[in-house]
Amino acid sequence: MSKISISEIEKVAKLSRIEIEAESIDSLAQEFSSILEFVETIQNAKTEGIEPTSQVTGLNDVWREDRVVNSQTSSKELLASAPEVLDGYVKVKKVL
Amino acid sequence: MKDLNYLTIPKAHELLKSKKLTSEELVKFYINKIKKLNPKIKAVISLEDKSALIKAKEVDAKIASGVEIGILEGIPYTAKEMFMTKGVKTTAASKILENYEAPYSATAIEKLENAGAIMIAKVNQDEFAHGGSTENSAYHPTHNPWDLDRVPGGSSGGSAAAVAADFGIFSLGTDTGGSIRQPAAYCGVTGLKPSYGAVSRYGVISMASSFDCIGPIARSAEDANIVFEAINGIDAKDSTTVTYKYEKMPKSIDAIYYEVGNVVDSIKNQKIEDLKISDVKSIEDLGITEEALAAYYILVPSEISSNLERYDGIRYGNSSQDASNLSETYFKTRGEFFGPEVKRRNLIGAYALSAGYYDAYYKKAMQVRTLIKNRVNEILEKYDVILMPTTIEPAFKIGSKSDPIEMYKTDILTVFVNLAGVPSVSIPFGLDESTGMPMGLQIIGKQGDDNKILEIAKKIQDKTEYHEKVGEIKI
C-alpha cells in the first residue's frame, strides 16, 4: 500500500514544473513512499525547544562596499547560453 | 624514459624544476594514458588536450628562461563536471546541460589556473551530483580502476577513478554528503571535504547550498594539502566563505575511534607518532548516523528543489522543442532532460517544503541538524579528532543497487559530517579481505581544522603504505 497517492505525486510534480510520463507514475509513487518511510526515522528525535539549523558557519549580515563592480562577463557571452535570443533579449514562448 | 606513473605533486614539481621533464611531456603522458585506458574506465567526459598543451608550453618557456616555478605550475589535473570552466563544456553530467559552455570559470578553477596548474579533462559524476556510484550520469557509468565490474563511488566518481587510474595528478570534486570521501575510499585514493565555507562555491553548480563543499581528490594527504592551500580562502563572490584561522597541530593528537565491524580496524594497532587513540567505541555509541541520513534526505532534496528551479529551458541549457507556451517550456524541458534521480529529489523536496508538511519534515530535519551538530561538537571538545571508516563496505558491483534507499545508505558514515559542517579527510587504509578492494579511514576535525586533519593523515601516510597501493587495470 502506497503511502503517497497518485494525485499527490501529480501535485508535487506540478509544483516542481516537471512533466511525468503516465507510465512512470506508479513506480514513482512507490519509490516516493519508501523514501518517506525511510526519512520518517527523524520523527523519533526529541526536538522540543531545539533551534533549527539552516547554516553551519554562524555568519550573518555579510556586507560589501556599496560600489558597482563591473562584470567580467559580457551580456553577449551570457546571452550566448540561451536557447533562443532576439535582438539582444532572451526569447520566451507566449505566456498564454 | 623515466617512470612517470603515479607521480605526486612534489615529485612532478621536482622533475619539472630540475628540467628532467617538461610540462609538455607530462601533459602528453596523461593524454596518452587517457586515450588508451579511458575507453575501459570511462572517467572522462571531455578531454581538453589542445588547451592543456598550450599552457604546458607556456610553463616550459618560463622554466627555460630561468624563472622559478610554483609548486602547482605545470601540474596536470582533472575537474568534475560540476565546475564551470570558461569556454569548456560543463554538463553536470546532465542532458539538460548537454551543450552548455560556461561563460566564466569557478573561483577554485581560476585559483588553480593562476597557480599554473593545467586542467587536462572534465570528468564524470552522478547527474547534478545526485548519487553515490556515478551510475546516475546521464552519459555513461564510470568503472572502478581496481575492478572494472565495480562502481568508483560517487558522486565524484569520475574524479576518484581518474586519480586511481593515473589520469592526471589530482582532481577537483564536490562533497555534499560524502561525494568526495566515499569515491576516494572506493578507489583507494585520498579525498578532502573541507570545512563548510573554506573554499568558494562560486561557479560550481549548486546542489544543496548549505552543504556543498569543494575539495581535492589526490594520491596523498600532502598533495591534497597543496591543492587545498591553493583553493581555500574568502571570496567576495561567495558570501558564505569564511576566514578560518588555520592553526598548527598540537604536539600530541588525542583521537576517538568509532568501530564499524572490523572495517579499517588495524588503525588501532598502528604506532603513529603524536597520534594517541585514547578511546575506542562502537559506531552505535556515536548514535547519530541514521538520524543524520534521514535528516539529510529531507534537507538536501529541499535545497535541490529550490536550486534546480533555474533549469527553465529559457536562460541556458537544453529546451524542449515540443512546447507551445511558456508553462509547457518548463514542464516539458524538465520532464525530458532531467534524469530519474534528479526528478525524484526535486519532487521529494517540493513535498517536504509544501504547505502542511513543512513543520513535520523540513523544520524537524533542521532541528535534528542542530542535535547532530551539537553532538559532533561535543565529541570534538573532548578529542582532537574522530577516526572511523569512510564506508561500511567496499565498492559494489555496477547495477547491484537499483533501490534508491540502498544507494543512499552508502553514505551512512559520511553525511553527518556535512550536517555539522566540519572537515574530514578519507585516506586509503587497507584492502577488504573478501574482494581485495580498497577501504578508507576518515579523520574528522573541528570546523577550521582542515590543516590539522591533513597533517595527521600525512603522519599516518609517512608510516604506512596503504596510499601507495594501486589497482592494476585489467584490460
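Which residue stands opposite B:Leu431 in E11(B)? B:Pro438 does.

This is a predicted model, in which local features need pLDDT of at least 70, side-chain atom pairs count only at pLDDT 80 or more, and totals for chains, interfaces and linings use all residues. Residues are numbered from 1 along each chain as its sequence is written, while chains are lettered from A and ligands numbered from 1 in the order in which they are written.

**View 1. An open sheet of 11 strands in chain B.** The strand order is E1-E3-E2-E4-E6-E5-E10-E11-E9-E7-E8, with mixed pairing. Strands (E, at least two residues) and helices (H or I, at least four) are DSSP runs, numbered from the N terminus. Two strands pair if DSSP finds at least two bridges between them. Strand E1 (44-47) and strand E8 (275-282) of chain B stand at the edges; each has a single partner strand, so one side of each lacks a neighbour in the sheet. On average, neighbouring strands are turned by 25° against each other, direction ignored.

**View 2. Strand E7 (residues 253-259) of chain B beside E8(B).** The two run parallel, joined by seven bridges. B:Tyr258 has B:Lys281 in E8(B) as its bridge partner. E7(B) also pairs with E9(B), in the parallel sense, over three bridges. There, B:Tyr257 stands opposite B:Leu387 in E9(B).

**View 3. Helix H15 (residues 450-463) of chain B on the sheet.** H15 touches several strands of chain B, including strand E9 (385-389), strand E10 (424-431) and strand E11 (438-444). Contact between two residues means C-beta atoms, placed from the backbone, within 7 Å. The direction of H15 makes about 15° with that of E10(B). Axes are lines fitted to C-alpha atoms, for helices over the stretch in contact, and angles run from 0 to 180 degrees between N-to-C directions.

**View 4. Strand E11(B), mostly covered.** Seven of its seven residues are buried, meaning that 20 or more other C-beta atoms, placed from the backbone, lie within 10 Å of a residue's own. B:Pro438, B:Gly440, B:Gln442 and B:Ile444 point one way, and B:Met439, B:Leu441 and B:Ile443 the other. In a regular strand the side chains alternate between the two faces of the sheet.

**View 5. The partners of E11(B), E10(B) and E9(B).** E10(B) pairs with E11(B) in the antiparallel sense over six bridges. Their hairpin has six residues between the strands, and B:Gly436 takes a positive phi near 75°. E9(B) pairs with E11(B) in the antiparallel sense over four bridges. B:Ile386 stands opposite B:Ile444, and B:Met388 has B:Gln442 as its bridge partner.

Definitions and conventions. A residue is buried if 20 or more other C-beta atoms lie within 10 Å of its own, exposed if 12 or fewer, and partly exposed in between; C-beta atoms are placed from the backbone.
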